[in-house]
Amino acid sequence: MPRLVVICGPTASGKTKLAIELAQQWNTHILSCDSRQFYRELNIGVARPSPSELAAAPHHFIANRSVAQPYNVSTYEQEALSLLQELFEEHPVVIAVGGSGLYIDALCEGVALLPDPAPELRAELKQHLAVEGIGYFQSLLQQLDPEYYNTVDINNPIRLQRALEVCITTGQPYSKVLKDQQKPKPRPFEIERIAINADRVWLRDRIDKRVEMMLQCGLVEECESLLPYRHLNTLNTVGYKEIFEYLDRQITLDEAAAKIKLNTWHYAKKQFTWLKRYADLRWVSR
């Protein structure tokens, strides 16, 4: 049976390097599960693999669509499974890599079917967001589902609203509904999960240095080019929203850099928490 090797781990831990090493060793392809690297317009702020890294092994789902094109995890599941079917005809092993747990789960286990909320509830939540800001969503989700609150990107209003819709509609925590409904779909391939167990002190330092390098390589200029798209939820994410605050003259560039470093570290800790869900995970040190 063909085998999908999934390389996961916190941001900046070296997933790309490990994936390329294995792809060269096995003469195979790499599928990205990073929800921000799909978009052509996003490069520096998403730490897209360099041209030399992309040339070192065949990559898929990197810079393959415009940020203006709607995309969701269900569509990704369908497209990735279709591609895997083709790749497995010539390669007994294929590699998937990424830090977006939701997309990794979609590829390996399928997307859960969740209840749709009443239109009135969705409209009410959107009104709260418009009037009170994302802090309202964060506070309410922390009350209704502290488990999911500790793993989700709390600066992503779409994910927060979806979780709140399910919590309120079902009367149960979103995390429990996910566990109850998301029974793994059968896959016609074996799955091996490998996670990079990075030392926390080393990782924090690596994150700080990566942010500094992003700024040196033109992160501010990249954000300036993305101003026409800043209203999109895709850009309401670490590395971009802080620079937009700087461009709006709300904070200094030094303050923006410090916020990116801190928010990236918080995101990395949430990724560690997410990884603890997998009982079959094989940890490796880098």
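Helices, taken as H or I runs of at least four residues, and strands, taken as E runs of at least two, are DSSP runs that are numbered from the N terminus. The model described here is predicted, and local features need pLDDT of at least 70, side-chain atom pairs count only at pLDDT 80 or more, and totals for chains, interfaces and linings use all residues. Residues are numbered from 1 along each chain as its sequence is written, and side-chain values use heavy atoms, with hydrogens and water left out.

**The cavity**

On a 1 Å grid over the protein atoms alone, a cavity is a set of points where a 1.4 Å probe fits but cannot get out, whereas a pocket is an open set with protein on both sides within 12 Å along at least five of seven lines, and lining residues have an atom within 4 Å of a point. Grid points are joined across faces, edges and corners, and a volume is the space filled by probe spheres set on the points. The structure holds one cavity of 30 Å³ or more. Helices α4 (101-109) and α13 (253-275) each supply at least two residues of the lining of the largest cavity, and α13 provides the largest share, three residues. Among the lining residues are Cys8, Gly9, Gly99, Gln271 and Trp274.

| Space | Volume | Lining by class |
|---|---|---|
| Largest cavity | about 60 Å³ | four nonpolar, six polar and no charged residues |
| Second largest pocket | about 160 Å³ | three nonpolar, one polar and four charged residues |

Glutamine 271, one of the residues that line the largest cavity, lies in helix α13. At 6% relative accessibility glutamine 271 counts as buried, a term that means under 20% relative accessible area, with exposed meaning over 50% and partly exposed in between (1.4 Å probe, protein chains only). Leaving aside its neighbours within four places in sequence, glutamine 271 is in contact with Gly9, Pro10, Thr11 and Gly99, where contact means heavy atoms within 4.5 Å.

On the α5 side, Leu125, His128, Leu129 and Glu132 meet Ile134, Tyr136 and Phe137 in α6. Within α6, Phe137, Gln138, Leu140 and Leu141 are buried, and what covers the buried residues of α6 includes α5, α7 (146-149) and α8.

**Two residues with positive phi**

Alanine 12, in the loop between β1 (3-8) and α1 (15-26), has a phi near 70 degrees, a positive value in a residue other than glycine, and counts as buried at 3% relative accessibility. Phenylalanine 61, in the loop between β3 (59-60) and α3 (73-87), has a positive phi near 65 degrees and is buried, with a relative accessible area of 9%.

Terms used:
Ala, Val, Leu, Ile, Met, Phe, Trp, Tyr, Cys and Pro count as nonpolar, Asp, Glu, Lys and Arg as charged, and the others, Gly among them, as polar.
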